Amino acid sequence: MEDYKIVDLYWARKEKAIDETEKKYGRYCYSIAYNILKDELDSMECVNDTYLKVWEKIPPAKPSPFSTFIGRITRNISIDRLR
């Protein structure tokens with residue numbers, strides 16, 4: 001699914017947005033978290049926290065590009081967990 005369609009699902013508050021985000025960016029987010037934390041379970045938890053944070057930020061945010069937006073959120077959550 002195209003990124004703008006995923007963002008539109010978030011704007012419409014459809015739970016399918018999280019499913020589509022996981023399908024498209026789940027491995028990407030996990031790799032970011034794992035490279036920081038070096039722990040499988042903590043990385044998976046950070047990815048799940050990422051989905052929640054994206055849900056909370058859209059709307060009002062209308063991110064473009066979506067991949068950078070979600071990657072930054074994952075990185076920040078992972079760094080916070082590492083601290």
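Is Cys 29 buried or exposed? Cys 29 is buried, with a relative accessible area of 0% (buried means under 20%, exposed over 50% and partly exposed in between, with a 1.4 Å probe and protein chains only). Keep in mind that this is a predicted model, where local features need pLDDT of at least 70, side-chain atom pairs count only at pLDDT 80 or more, and totals for chains, interfaces and linings use all residues. Residues are numbered from 1 along each chain as its sequence is written, and side-chain values use heavy atoms, leaving out hydrogens and water.

Let us turn to the cysteines. The structure holds 0 disulfides, a disulfide being a pair of cysteine sulfur atoms within 2.5 Å. Cys 29 is in none, as the nearest cysteine sulfur, that of Cys 46, is 11 Å away. That distance is too far for a bond. Cys 46 is also buried, at a relative accessible area of 0%.

Now look at the helices (DSSP runs of H or I, at least four residues, numbered from the N terminus). Helix H2, residues 16–37, packs against helix H3, residues 40–57, at an angle of about 135°, with axes 8 Å apart. Axes are lines fitted to C-alpha atoms over the stretch in contact, and angles run from 0 to 180 degrees between N-to-C directions. The angle makes H2 oblique to H3, because it is not under 35 degrees (roughly parallel), over 145 (roughly antiparallel) or 65 to 115 (roughly perpendicular).

Both cysteines belong to the contact (heavy atoms within 4.5 Å): it includes Cys 29 and Tyr 30 of H2, and Cys 46 and Val 47 of H3.

Definitions and conventions
Helices (H or I, at least four residues) and strands (E, at least two) are DSSP runs, numbered from the N terminus.
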